[in-house]
Amino acid sequence: MATELFADRGYEGTSIEAVLERAGVSRGSLYHHFPGKDRLFEAVVEAVHAQVGEATLAAAGASGATEAHDLLKAAELAWIRLAGDAVVRRILLIDAPTVLGWRRWRDIEEQYSLGMLKAVLQEAATAGRVPARLVEPFAHILLAAGNEMALVIALADDVPAAQAAAEAAVEEFLTRLLRPADSENTGPVAEPDGGDPQR
């Protein structure tokens, strides 16, 4: 109930009274679980994030991909497509950073997204697609880049066009980042700064 209201009206436009009326509960019952509107909104943000995570994993599974780099592409593209959803756009991308504050918003982002990115990138590193020492920074880069593209979509006047451009960019970016060793160099990925090749 609260999710629909926050998505339709935004955080500022949603009153506790409207939530109580839509949910059919008393003020005391609501405040027993959530001390205020801000805590209710935080719970909604976490619930939507969990749904997005499930949808992203489902899309990756449905893609038929078996290699880590292909699974990562499928998951990132799924997130870009979900950015056009009204609930995701309003709650996660527009209101959450302002209402929760940047630090809390980032904590939630990392809780629901960073671990998956690290796991897939570690598999890609094992397969020789990326240097193992760069798994952690690459995961943060991908998280930030994916969120930035999602925000561009959320704020775009032409959402379908912004989504199409973002999908093409993500596809090209990940293809280049995770490309296999070429025919002239089929060995392991070299570590930066003259380090030993990845084993």
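Is glutamate 136 buried, partly exposed or exposed, and what is its relative accessible area? Glutamate 136 is partly exposed, with a relative accessible area of 38%, where buried means under 20% relative accessible area, exposed over 50%, and partly exposed in between (1.4 Å probe, protein chains only). The legends below concern a predicted model, in which local features need pLDDT of at least 70 and side-chain atom pairs count only at pLDDT 80 or more, while totals for chains, interfaces and linings use all residues. Residues are numbered from 1 along each chain as its sequence is written, and side-chain values use heavy atoms, with hydrogens and water left out.

View 1. The protein chain has nine helices and zero strands, the elements being DSSP runs numbered from the N terminus (helices H or I, at least four residues; strands E, at least two). Buried residues make up 39% of the 199 residues in the protein chain. Of the contacts (heavy atoms within 4.5 Å) between residues at least 6 apart in sequence, 67% join residues at least 24 apart. The chain exposes about 10,500 Å², of which carbon and sulfur atoms supply 53%; accessible areas come from the Shrake-Rupley method with a 1.4 Å probe, and for residues only the protein chains shown count as cover.

**View 2. Confidence along the chain.** The mean pLDDT, the predictor's confidence in each residue from 0 to 100, is 85 for the protein chain, and 90% of its residues reach 70 or more. Among the helices, the mean is lowest in α3, at 83, and highest in α1, at 94. Over residues 183–189 the pLDDT is below 50, and this stretch has 10 contacts in the model beyond near neighbours in sequence.

**View 3. Helix α4 and its cover.** Helix α4 comprises 26 residues (37–62), which should span 38 Å at 1.5 Å a residue, and its end C-alpha atoms are 37 Å apart, in agreement with that value; the expected span is 1.5 Å times one less than the number of residues. The buried residues of α4 include Leu40, Phe41, Val44, Val45, Val48 and Val52, together with Lys37, Glu42 and His49. The cover over these buried residues includes α1 (2–13), α2 (16–23), α3 (27–33), α5 (68–82), α6 (86–100) and α7 (102–126). Glycine 64, whose phi is positive, near 80°, follows α4.

View 4. Arginine 104 forms a salt bridge with glutamate 42, the closest N and O atoms being 2.7 Å apart; the term denotes a side-chain nitrogen of Lys or Arg within 4 Å of a carboxyl oxygen of Asp or Glu. The pair links distant parts of the chain, with arginine 104 in helix α7 and glutamate 42 in helix α4, 62 residues apart. Arginine 104 counts as partly exposed at 26% relative accessibility, whereas glutamate 42 counts as buried at 18%.

View 5. Glutamate 110 forms a salt bridge with arginine 106, with the closest N and O atoms 3.4 Å apart, and both lie in helix α7, four residues apart, about one turn of the helix. Glutamate 110 is partly exposed, with a relative accessible area of 26%, and arginine 106 is buried, at 13%. The side chains of glutamate 136 and lysine 118 also meet in a salt bridge (3.1 Å, N to O). Glutamate 136 lies in helix α8 (residues 135–155) and lysine 118 in helix α7, so the pair ties together parts that are 18 residues apart in sequence.
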